[in-house]
Amino acid sequence: MTKLREPQEAPEVPGMQTVRRRYVTVCALLWLPPGLGMASLVLLFSERGMSLAAVAGLFAAHSLTVAALELPTGGLSDVLGRRPVLAMAGALNVVAFALVGLGTTAWVLTAGMVLMGAARALASGTAEAWYVDTVQAHSGPDAELRTGLARGGSATSAALAAGILLGGALPWLLGVGPDLGARLSEATSGAVLPLSVPVLLGAAVRVVFVCYVLTVLREPPRPPATLRSVLRGVPVTVLGGLRLGGRDALVRRVLLTAAAVGSALAAIELLMPGRTVAVTGATGSGAMAYAALSCAGFVCGGVGSHLAPLAARVAGSGERAVLVCLGGCAGGVLLLGATASTTHLLGTALAVVGFCLFHLGIGAASPNGNDLLHRRVTSAQRATALSVQSLAQQLVGALTGLAVGALPSGPLPWLLTGAVLLSGARLWLRRAGVRSTPVATTG
């Protein structure tokens with residue numbers, strides 16, 4: 001068995017520059033609305049009279065919908081095509097964001113969160129699959145993918161960072177001076193609150209996203225889809241995607257790595273808000289500090305994604321780059337664990353360094369890992385493989401959240417999570433002897 005070939009550097013093709021630019025734009029438009037909602041969604045639900053338990057139930061409805069639909073929608077994208085599935089995701093999100101932004105009752109908000117979860121599942125991996133399909137159709141199966149994937153990751157991180165800053169600032173800006181927020185609420189009989197504005201702005205961005213997808217994205221030719229072919233093809237594609245991890249060692253490594261990353265992300269999302277409150281001494285200032293820290297994390301993730309091709313060149317291969325970057329991620333988490341019991345200035349500074357190092361490593365590891373994944377799967381199973389990867393990350397993240405919540409506070413949860421990440425990095429110590437051609441898996 002031969003080793004996986006690294007793609008050769010080739011002169012930039014003007015057509016590929018356009019494809020890359022469109023992919024980056026789609027990533028930005030796709031992730032700006034979730035960023036807008038991050039800072040205000042929980043507060044909006046509370047303002048609508050939802051208890052903390054009800055808010056948790058709304059987010060659970062979203063997560064369960066994503067988990068249930070992740071694989072079927074990935075199969076739908078592989079059978080029906082990338083553009084119609086992306087447009088469908090955008091249209092569902094327009095409705096979802098409008099319901100969440102304007103809803104005043106539990107059932108309306110639940111419907112919005114369920115539709116948002118369905119849209120998230122539809123969009124999961126679909127834009128990336130479109131980019132890889134288009135590049136390989138234009139330049140062949142050995143075309144260079146890592147740079148475009150890295151720029152897409154940078155655009156995603158930048159959109160999330162800009163969204164969380166804008167989403168946090170808009171309600172505050174509406175409340176200063178002439179208090180436009182109060183006037184808006186009064187004029188709409190309470191349907192539109194200042195906290196609703198970022199979510200409704202997200203709905204408007206989704207309209208732009210749908211128009212962009214329908215007018216700009218072009219797909220390589222694929223067999224025409226009928227209702228019968230979709231109903232028969234989706235289950236077969238999903239089963240084939242699930243078998244990939246069992247049949248291909250490198251794909252299995254990518255999936256296990258995603259699970260390890262999901263574990264670390266869940267621990268950070270659960271534990272960091274409490275740590276910022278402990279440092280600042282108040283819930284309000286702690287929330288502001290966490291929003292700023294999250295923005296810094298997204299920026300570091302974007303920088304890491306931008307540096308992913310350089311990391312592969314310096315490390316000597318994409319596999320070694322994943323190993324090094326995951327090792328850096330684990331180091332960041334272990335640094336967070338080492339400073340978990342202290343709130344003094346030096347400990348806080350080291351914790352911020354660990355947090356940023358984690359996101360920098362994730363940003364650099366992801367394009368390199370996905371570059372390897374795309375060279376192991378065919379176009380017919382690409383979105384499904386990405387959905388399996390996302391599902392592994394979400395399921396392990398959910399289990400980690402339950403485990404971390406049951407552990408005593410302090411260094412232990414961080415150290416265990418760091419150990420999981422180190423185990424994920426250890427998978428890449430030995431270079432896999434794998435074929436350079438994609439695995440064709442039949443149902």
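Before selecting anything, a word on "buried": it means under 20% relative accessible area, with exposed being over 50% and partly exposed in between (1.4 Å probe, protein chains only). This is a predicted model, where local features need pLDDT of at least 70, side-chain atom pairs count only at pLDDT 80 or more, and totals for chains, interfaces and linings use all residues. Residues are numbered from 1 along each chain as its sequence is written, and side-chain values use heavy atoms, with hydrogens and water left out.

**Whole chain.** Show everything as cartoon: you'll find 17 helices and zero strands (DSSP runs numbered from the N terminus, H or I of at least four residues for helices, E of at least two for strands). Of the 443 residues, 50% count as buried.

Now colour by pLDDT, the predictor's confidence in each residue, from 0 to 100. The chain averages 81, and 85% of the residues score at least 70. Select 1-14: pLDDT stays under 50 there, and the model has 30 contacts beyond four places in sequence for this stretch (contact means heavy atoms within 4.5 Å). Residues 439-443 also stay under 50, with 13 such contacts.

**Helix H5.** Select 106-123. Buried residues here include Val108, Leu109, Met113 and Met116. Just after H5, click Gly125, which takes a positive phi of about 80 degrees.

**Helix H6.** Move on to 126-139. How many of the 14 residues of H6 are buried? Eleven, so H6 is largely enclosed by the rest of the structure. Among them are Glu128, Trp130, Tyr131 and Asp133. Gly140 follows H6, and its phi is positive, near 95 degrees.

**Second largest pocket.** Last stop: select Met272, Gly274, Arg275, Thr276 and Val279, the closest to the pocket's centre of the 27 residues that line it. The volume is about 420 Å³. A pocket here is an open set of points on a 1 Å grid over the protein atoms alone, with protein on both sides within 12 Å along at least five of seven lines; lining residues have an atom within 4 Å of a point. The lining divides into 15 nonpolar, eleven polar and one charged, with Gly counted as polar.

Note on methods
On a 1 Å grid over the protein atoms alone, a cavity is a set of points where a 1.4 Å probe fits but cannot get out, and a pocket is an open set with protein on both sides within 12 Å along at least five of seven lines; lining residues have an atom within 4 Å of a point. Grid points are joined across faces, edges and corners, and a volume is the space filled by probe spheres set on the points.
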